[in-house]
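This briefing covers sheets, packing helices, selected residues and salt bridges. The sequence and the structure come before the details.

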Amino acid sequence: MARLLLGTRGSALARVQSEWVADALRTAFPSLEVELRIISTTGDRVLDVALSAVGDKGLFVKELEHALLAGEVDLCVHSAKDMPTVTPDGLLLAAFPVRVDPRDVLVVRQSGLGTDLASLPAGARVGTSSLRRTSQVRHHRPDLQLMDVRGNVDTRLRKLASGQYDALILAAAGLRRLGLWDGTPGAQIGEAVVYPLEPSVMLPAVAQGILAIETRADDEATRTLVESLDNPAARSAALAERALLRRLEGGCQIPVAAHAVVTDTGMHLRGMVGTLDGRLVFAEQTGESAQAEALGVAVAEELLARGGDTILTAIRHQLEARR
């Protein structure tokens, strides 16, 4: 019987995502044994500092990739939005399973506090650890009080319920994978109420809602098994959005967003660069799914030409001055 060791973070969401991949592999290959191995990452251990102050996207990935390169595990499952845009030598992103809801959601502490950003009370306390979300919230509602929030989904929801925040902004995909939200606007999680934020209001993070399955490049046997889970539309979207981010040299310290919509006739990609005080620059183009990365670069170039270059340079200087 073939056996695979799957490396994963220890959070509830990471385990659910990894078990989903393991189950899909077991279903596709009934004689295959898949065992999860929990690996702690820097992002899991450092919870009292804002993500933008700790480091970059490798916070939730590096230790997993080290274990993979060392042969301690055969594959790793990541949230693609947490991944650096450059894959280390010797590793390969072998599959992008079907994308789950890419949107963000507004989770208000209780009914009556608002149903979207526009209806939140003046000065409401909104929890988010994302500069991308912060930039867009400040664009729409500069009066809101933005507060950093760290920890897994359950921890954040407990902090909301305790009254530390009036609302949170979270990824829809995490709530849906955990079985906490079925996608219905106004559905409740305990006393909290969930409302989706459409991409026209809150453009998602690069590759949000997409899983990335990583293997060693020279492990043809594992790669062949994993490729059975690859979804062409998710792959095209991930490649386009990651190419945009790579061209902008962005990460969790830079307010960058992107959302690719893949159809039978092609792909539409919209990207954004924002300032820390809420000025947003957008660009969008349509192209062929087969040329996903080229489309990502083209939209990034348009963003830079529209003022994104100046914005990114200024933000990097601001962040450097804070260190």
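A residue counts as buried under 20% relative accessible area and as exposed over 50%, with partly exposed in between. Arg235, with a relative accessible area of 22%, is therefore partly exposed. The model is predicted.

- Strand β1 (residues 3-8) pairs with β3 in the parallel sense over two bridges, and Leu6 has Leu75 in β3 as its bridge partner.
- The pairing of β3 with β11 is antiparallel and runs over five bridges; Val77 stands opposite Ile213 in β11.
- Strand β4 (residues 91-95) runs antiparallel to β11 and is joined to it by four bridges, with Leu93 opposite Glu214 in β11.
- In strand β11 (residues 211-216), six of six residues are buried.
- Both faces of β11 are covered, with Leu211, Ile213 and Thr215 buried on one side and Ala212, Glu214 and Arg216 buried on the other.

- Two bridges pair strand β6 (residues 125-127) with strand β8 (residues 167-171) in the parallel sense; the bridge partner of Gly127 in β8 is Leu168.

- Ser79 is found in strand β3 (residues 75-79) and is buried, because its relative accessible area is 17%.
- The side chain of Ser79 makes a polar contact of 3.3 Å with the side chain of Gln17.
- Beyond residues up to four places away in sequence, Ser79 touches Gln17, Ile210 and Leu211.
- Arg99 lies in the loop between β4 and β5 (104-108), and its relative accessible area of 19% makes it buried.
- A polar atom of the Arg99 side chain lies 2.9 Å from the backbone oxygen of Gln208.
- Leaving aside neighbours within four places in sequence, the contacts of Arg99 include Gln208, Ile210, His259 and Ala260, as well as Ala234, Ala237 and Glu241.

**Helix α9**

- The 17 residues of helix α9 (residues 232-248) should span 24 Å at 1.5 Å a residue, and the end C-alpha atoms are 24 Å apart, which agrees.
- The buried residues of α9 include Ala234, Ala237 and Glu241, and these three are among the contacts of Arg99.
- Glu249 follows α9 and has a positive phi, near 55°.

**Salt bridges**

- There are 23 salt bridges in the structure.
- Asp166 and Arg125 meet through their side chains in a salt bridge (3.1 Å, N to O).
- Asp166 lies in the loop between α6 and β8 and Arg125 in strand β6, so this pair ties together parts that are 41 residues apart in sequence.
- Asp166 counts as buried because its relative accessibility is 12%, whereas Arg125, at 24%, counts as partly exposed.
- The side chains of Arg103 and Asp101 form a salt bridge (2.8 Å, N to O), and both residues are buried.
- Another salt bridge joins the side chains of Asp230 and Arg235 (2.9 Å, N to O); Asp230 is partly exposed at 25% relative accessibility.

Notes. Residues numbered from 1 in each chain as written. Predicted model: local features only at pLDDT ≥ 70, side-chain atom pairs only at ≥ 80, totals over all residues. Heavy atoms only, no water. Buried < 20%, exposed > 50% of the residue type's maximum accessible area, 1.4 Å probe, protein only. Polar contact = N/O pair within 3.5 Å; in protein donor to acceptor, adjacent residues only side chain to side chain. Contact = heavy atoms within 4.5 Å. Expected span 1.5 Å × (residues − 1). Pairing = 2+ DSSP bridges. Salt bridge = Lys/Arg side-chain N within 4 Å of Asp/Glu carboxyl O.
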